[in-house]
Amino acid sequence: MATEKENSLRSGNRDTPIEISRQEFQEIGHQLIDSIANFIETIKDKPVTSAESPEQLLSILGDKSLPENGTSASELLTKASDLLFNHSLLNGHPKFFGYITSSAAPLGALADLLAAAVNPNVGANILSPAATEIEKQTIKWLAEFIGIPTSWGGILVSGGNMANFTAFLAARNAKISDDFKEDGISTTSGKLVLYCSAKTHTWIEKAAVLFGHGNKSIRWIETDAGQKMDIGALEHAINQDLKKGYKPFMIVGTAGDVSTGAVDNLHAIGAVCKANDLWFHIDGAYGIPAAGLPELKELFAGVDEADSIALDPHKWLYNPLEVGCTLVKNPRHLTDTYSSHPEYYNFGTGEDNLTQNYYEYGLQNSRGFRALKVWLTFQQVGRHGYTKMIAEDIELSKLLFELANNHKELEAITQSLSITTFRYVPSDCAREAEGEKAYLNSLNEELLNSLQRGGELFLSNAVVNERYCLRACIVNFRTSKKDIEEVIEIVTREGAKVHQRLR
Ligand SMILES: Cc1ncc(COP(=O)(O)O)c(C=O)c1O
């Protein structure tokens with residue numbers, strides 16, 4: 001006689017601990033959506049962060065070992081929601097201005113749920129026919145938005161580091177000898193070197209180390225007073241390297257540097273690349289969406305001269321983490337770098353030349369459907385909605401700079417795109433006095449730590465011309481002018497307390 005277990009396996013109604021009935025899914029799904037809606041509605045009334053220590057959080061989780069048996073999904077989701085809503089740092093809060101993480105489009109959360117429910121593997125067209133076409137269209141729209149031809153191609157990746165890595169490897173493959181793929185990097189003639197501004201994000205160091213070039217292959221080019229790469233110094237460095245037998249292969253321009261939002265002179269870098277037959281990559285992970293604003297066309301002139309661009313929809317296009325994008329002028333450079341055809345893949349490229357297998361365009365093999373949130377949010381908001389929100393973020397950043405500039409105890413330092421740097425300078429300190437320099441740096445560092453623990457707002461830091469600054473990056477559609485005015489009030493109030501404590 002068949003046991004109950006055998007019957008269940010045979011019947012097509014397999015009894016597993018992981019399946020959820022339609023009714024249960026509806027019930028717990030509705031509950032979850034209700035509590036997320038409530039969370040979003042009340043986010044502005046919560047502290048930006050509960051700033052709990054790892055010990056405090058561990059004690060909330062409880063030091064349990066792996067559960068042997070299961071618990072109801074409903075109970076788990078209720079507990080997880082409470083945990084996350086009440087013990088997280090909320091980057092969707094209107095006063096979150098740290099690093100470069102945006103408030104996330106609520107539609108993005110629903111899109112991720114839908115994407116996970118269908119769960120296409122967007123590594124191969126045959127496994128994700130609709131999702132692949134949606135990703136292709138999303139990439140075209142990203143190109144269109146920033147004003148480059150839609151003939152560019154690309155791939156969605158997890159974020160800025162990966163977008164830059166993906167381009168780095170394509171650049172190397174395009175610019176060094178054909179036999180490199182077989183013989184490896186150590187056999188290339190002349191040590192490969194690349195150029196970037198001294199303000200370039202740390203991804204470049206990871207890339208140089210991980211891809212076998214070493215940190216010494218990076219030529220950090222000094223920046224001018226506006227924090228932009230000094231083009232004269234760039235040309236000089238290339239000439240020196242060529243004389244010494246090095247092999248330059250790429251220049252990285254930055255469109256919105258992580259500390260101050262400075263945009264390099266992209267057109268001038270493009271010209272240097274052309275003159276020296278170098279790959280021109282732009283790290284626009286943060287700033288390049290601002291190229292979509294007609295009034296900023298001049299600032300971003302030269303974008304279309306690049307060979308590749310990194311752009312993060314999870315930064316200034318307000319998509320939930322994770323989604324970055326590598327755009328490449330000639331998409332063949334991606335397939336030349338990443339494509340392989342093992343016998344166990346029956347993934348033809350099709351006679352139509354349209355069938356695209358994304359595993360051939362980047363580092364990942366199996367890939368999730370991160371395009372859906374970007375695609376849906378583009379349609380929800382439209383080009384007009386995006387340019388409006390980005391322009392408003394810039395306006396708020398300028399307002400912060402102006403308010404800091406007009407306040408007797410604040411020093412406004414820089415403002416570019418939507419990043420403002422400033423610092424607290426108590427009335428009894430002379431800002432330029434040599435003897436106060438170190439004190440003002442440690443005062444502002446201590447103030448930042450205190451603000452980050454306080455939960456009223458969240459700023460990060462930048463060091464500009466050896467001055468330790470508070471830094472606000474506004475990629476936040478929830479921020480209002482009132483929030484910015486309150487930043488001034490909070491920083492000066494807390495600054496006075498820290499000053500009193502330190503002096
Ligand atoms: C200019 C720039 N490039 C790259 C990155 C890395 O992006 P991600 O953190 O998404 O990997 C950042 C992050 O802030 C950035 O500002």
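A residue counts as buried if 20 or more other C-beta atoms lie within 10 Å of its own, as exposed if 12 or fewer do, and as partly exposed in between, with C-beta atoms placed from the backbone. Everything here comes from a predicted model, where local features need pLDDT of at least 70, side-chain atom pairs count only at pLDDT 80 or more, and totals for chains, interfaces and linings use all residues. Residues are numbered from 1 along each chain as its sequence is written. Helices (H or I, at least four residues) and strands (E, at least two) are DSSP runs, numbered from the N terminus.

View 1. Strand S2 (residues 192-197) has 6 of its 6 residues buried, so the rest of the structure largely encloses it. Leu 192, Leu 194 and Cys 196 point one way, while Val 193, Tyr 195 and Ser 197 point the other.

**View 2. The partners of S2.** Strands pair if DSSP finds at least two bridges between them. S2 runs parallel to strand S4 (residues 247-254) over 5 bridges, and there Val 193 has Pro 248 as its bridge partner. S2 also pairs in the parallel sense with strand S3 (residues 218-221), over 4 bridges, and Tyr 195 sits opposite Arg 219 of S3.

**View 3. Helix H16 and its two sides.** Helix H16 (residues 481-502) has 22 residues and reaches 32 Å from first C-alpha to last, close to the 32 Å expected at 1.5 Å a residue (that is, 1.5 Å times one less than the number of residues). Its buried residues are Asp 483, Ile 484, Val 487, Val 491, Gly 495, Val 498 and His 499. Seen down the axis, they fall within an arc of 130°, so they line one face of H16; the arc is that of the directions from the helix axis to the C-beta atoms. Turned away from that side are the exposed Lys 482, Glu 489, Arg 493, Lys 497 and Gln 500.

**View 4. Around the ligand.** The ligand has 15 residues around it, the closest being Gly 159, Gly 160, Asn 161, Val 258 and Ala 285 (a residue is near if its C-beta atom, placed from the backbone, lies within 6 Å). Helix H7 (residues 160-175) gives the most to this shell, with 3 residues.

**View 5. Phe 85 on helix H4.** Phe 85 lies in helix H4 (residues 73-87). With 16 C-beta neighbours inside 10 Å, Phe 85 counts as partly exposed. Its C-alpha atom is 9.3 Å from that of Lys 46, 39 residues apart along the chain.
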